[in-house]
Amino acid sequence: MPTAPRTPTRLTLLAAPLLVAGALHVGTLRPGAAGLSHGAGMSAARAAHTATTLRDGRVLVAGGFTEKGSARGAELYDPSTGRFAPLPPMVHTRHSHTATLLADGRVLLAGGYAAGGVPVADVEVFDPATNRFAATGALTEPRSDHIAVPLPGGRILFAGGLGPDWTFLSSAEVYDPASGRSTRTGAMSVPRESHVGVRLRDGRVLVVGGHAGRRAAIVLYASAEIYDATTGRFTRTGDMASRRHKHDATLLADGRVLVNGGSDERDIRGMYNTTEIFDPARGTFSPGPVMHRGRYKHAGTATLLANGQVLLAGGAPEAELLDPVTRRFVLVPGTSTMAGNFSAVAALQDGAVLITGGYGNGRGPQAATWLFRP
């Protein structure tokens with residue numbers, strides 16, 4: 001991750017304890033405080049794409065889908081101009097993939113759906129020095145809607161997701177950027193899609209929720225498990241109070257994990273505005289703060305700001321902040337209404353946050369972007 005200048009991060013480091021459910025009240029930010037506004041449009045409408053902040057401050061936006069199929073190619077956002085510029089094509093058109101910033105500053109793009117909606121095992125890297133993509137090995141099996149979590153030492157854990165012919169995966173693998181090879185590791189206790197993964201302070205990885213199956217046969221999970229890279233195994237831990245999929249999870253300053261939003265089997269009609277907190281020391285979940293809006297399809301969109309507030313900018317038409325001083329969520333002012341679902345978020349070096357694309361709020365995939373300024 002970038003180390004200088006200081007940038008916001010996806011790790012939520014709260015300075016004050018979180019309140020339990022039911023202890024929060026509706027609030028709004030004071031006049032002149034943080035706000036949301038429209039940014040420059042992308043070259044293509046995108047949802048289920050990725051946005052990755054590079055070490056030089058630019059943002060790589062890659063892949064995604066439109067109403068007619070996979071979005072073409074990738075582009076770079078330059079905060080100094082506020083504009084997007086197209087890039088040479090990716091090796092593979094993809095959506096619902098993962099993008100991981102590597103220690104050497106390159107970005108690893110893995111899996112996802114290729115054109116035609118087929119999960120792929122292909123892996124490629126983007127090199128910001130040349131602004132080009134290049135193939136680099138492959139996963140052990142095709143997977144989309146999976147998780148990718150960096151491990152200590154620079155390797156990456158890939159777990160779960162959807163394989164060919166609607167096969168829900170419990171398998172996991174570890175990719176080594178140095179060799180470009182991926183090797184099998186221990187499997188999860190159950191197959192999971194629409195789950196989330198968070199690296200804990202001790203280097204282990206918490207995997208939470210998700211589902212397997214479709215429509216009437218869908219099974220949602222309240223369960224969680226922890227991957228230990230030293231043993232190569234997953235171990236079950238405590239369960240959440242609610243079964244959740246299409247949710248988000250964020251690491252807290254004290255080492256606990258905040259799980260927020262998601263939905264039940266009813267999907268958009270069953271969205272949650274609740275949160276839960278996982279304590280690694282006890283292996284248990286407890287009730288967390290209550291959000292103002294139900295949120296789902298928003299994994300990876302929470303951002304810690306330099307002032308200690310936490311921005312939730314995905315999964316709903318409106319953004320909100322968790323204020324560590326007042327210990328409550330407040331709605332973010334602004335005239336912009338976001339698309340909400342499957343958007344991609346990147347923190348900028350000046351403290352702003354770029355929110356890109358997505359769909360929802362009665363609209364299909366968007367080329368629109370939004371800027372949050374603290």
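**View 1. The hairpin of β26 and β27, with a glycine in its turn.** In the hairpin that β26 and β27 make, five residues sit between the strands, and Gly-255 takes a positive phi near 95°. Like everything shown here, this comes from a predicted model: local features need pLDDT of at least 70, side-chain atom pairs count only at pLDDT 80 or more, and totals for chains, interfaces and linings use all residues. Residues are numbered from 1 along each chain as its sequence is written, and side-chain values use heavy atoms, with hydrogens and water left out. Strands (E, at least two residues) and helices (H or I, at least four residues) are DSSP runs, numbered from the N terminus. Strand β26 (residues 248-251) and β27 are antiparallel partners over four bridges; for two strands to pair, DSSP must find at least two bridges between them. Look for Thr-250, whose bridge partner in β27 is Leu-258.

**View 2. Strand β27, covered on both faces.** Val-257 and Val-259 lie on one side of β27 (residues 257-260), Leu-258 and Asn-260 on the other, and all are buried. Buried means under 20% relative accessible area, exposed over 50%, and partly exposed in between (1.4 Å probe, protein chains only). Strand β28 (residues 275-279) runs antiparallel to β27 and is joined to it by four bridges. Here Val-257 stands opposite Phe-278 of β28.

**View 3. The open sheet β2-β3-β6-β7.** Four strands in this order form an open sheet with antiparallel pairing. Its edge strands, β2 (50-53) and β7 (83-86), each pair on one side only. On average, neighbouring strands of the sheet are turned by 25° against each other, direction ignored; the axes are lines fitted to C-alpha atoms, for helices over the stretch in contact, and angles run from 0 to 180 degrees between N-to-C directions. β3 (residues 59-62) and β6 (residues 74-78) pair in the antiparallel sense over four bridges, and Val-61 has Glu-75 as its bridge partner in β6.

**View 4. The hairpin at β2 and β3.** Five residues separate β2 and β3 in this hairpin, and Gly-57 in the turn has a positive phi of about 100°. The two strands pair in the antiparallel sense over four bridges, with Ala-62 in β3 as the bridge partner of Thr-50. Thr-50 and Thr-52 point one way from β2, Ala-51 and Thr-53 the other way, and all are buried.

**View 5. The largest nonpolar core.** Among its 17 residues, Leu-311, Leu-321, Ile-355 and Phe-372 touch the most other members. A nonpolar core is a set of buried Ala, Val, Leu, Ile, Met, Phe, Trp, Tyr and Cys residues joined through side-chain atoms within 4.5 Å. Strands β35 (353-356) and β36 (369-373) each supply at least two residues of this core. Another core, of 15 residues, lies apart from it and includes Leu-200, Ala-224, Ala-249 and Phe-278.

View 6. Across residues 1-32 the pLDDT stays under 50, and the model has 91 contacts beyond four places in sequence for them. Contact means heavy atoms within 4.5 Å, and pLDDT is the predictor's confidence in each residue, from 0 to 100. Where pLDDT is low, the predicted coordinates should not be read in detail. For the protein, the average pLDDT is 89, and 90% of the residues score at least 70.
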